[in-house]
Amino acid sequence: MNTKIIFLSFIIAFLVSGTLFAQENYKTLVYEGNQKFNGKNYDGASSKYMEAIKSNEKDFTAHYNLGNALYKNKKYEEARTEFEKAQKLSQTLPDKAAALYNLGNTYMQMNQPDKAADFYKQSLKQDPYNEATRKNYEIAKLKEKESQQKKNQQSKSGKGGGGKDQQQNDDQKGNPKDQKQDQGKGQQNQGESQQNNDPDQNQNNEGKMPKDLENAILNKVSEKEKETAKRILNKDSYSMPESNEKDW
């Protein structure tokens, strides 16, 4: 009986020591990765974080820091994957907010402002008073609106392509008799039209804003949005928290 107890105690001690060793190894690898990251050796940092993940793939820190290192190397697809894992593994609100914020940054770099805005919004739910997240959310929404306006313009120009030319061709192909009548009217009223600057058109458009003035106002609105974007852009925009160093 005593022999069995001793044997079980030995197994438990072995397992505990093995777990402790794995934890220490994990912490060491993350620390070494952080040192390389701070020295801007992002490839070296990535290698250390990957080793740490092999040692413990269920911890937030190595995934989050690996995402940062990949992001710095502009490997945005890979960084996105790591930040997604990190936010799922996060145990605290600050960790979750940071991972969601970095997902927003990553989608901005991937030119997907709609998704970026969604992740910034989720991050703000975890950390409502984070000014950097709020600014980036506003920028993402502006870029999303700008992108949508460009698509709408392209869509309109695509549908209207050749419309004016076709109309001119149709007019030219019209009834010759009508064309002669129009020419006669044009010669008869030539003097009047020059003096009155087409009074019929002025009557029909009474109370309407001239098209050139409307376009000028629309352009001003667009410029205002650009100015707003410039105001909210600063050196902290698209920034991200550094490596997640912890006091172990």
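Author: Happy to. Helices here are DSSP runs of H or I with at least four residues, numbered from the N terminus. This is a predicted model, in which local features need pLDDT of at least 70, side-chain atom pairs count only at pLDDT 80 or more, and totals for chains, interfaces and linings use all residues. Residues are numbered from 1 along each chain as its sequence is written, and side-chain values use heavy atoms, with hydrogens and water left out.

A salt bridge means a side-chain nitrogen of Lys or Arg within 4 Å of a carboxyl oxygen of Asp or Glu. By this rule there are seven salt bridges.

Let's begin with Lys48 and Glu32, whose closest N and O atoms are 3.0 Å apart. Because Lys48 belongs to helix α2 (residues 42-55) and Glu32 to helix α1 (residues 2-38), this pair ties together parts 16 residues apart in sequence. Glu32 is partly exposed at 30% relative accessible area; the classes are buried under 20%, exposed over 50% and partly exposed in between, with a 1.4 Å probe and protein chains only.

Next, Glu77 and Arg80 form a salt bridge at 3.0 Å, N to O. They are three residues apart in helix α4 (residues 76-89), so about one helical turn separates them. Glu77 is partly exposed at 47%, whereas Arg80, at 19%, is buried.

Helix α7 (residues 131-159) holds both Lys150 and Glu146, four residues apart, about one turn of the helix. Their closest N and O atoms are 3.6 Å apart in a salt bridge. Lys150 is partly exposed at 46% relative accessibility, and Glu146 is partly exposed at 39%. Finally, shared partners link Glu77, Arg80 and Glu84 into one salt-bridge network.

Terms used: Helices (H or I, at least four residues) and strands (E, at least two) are DSSP runs, numbered from the N terminus.
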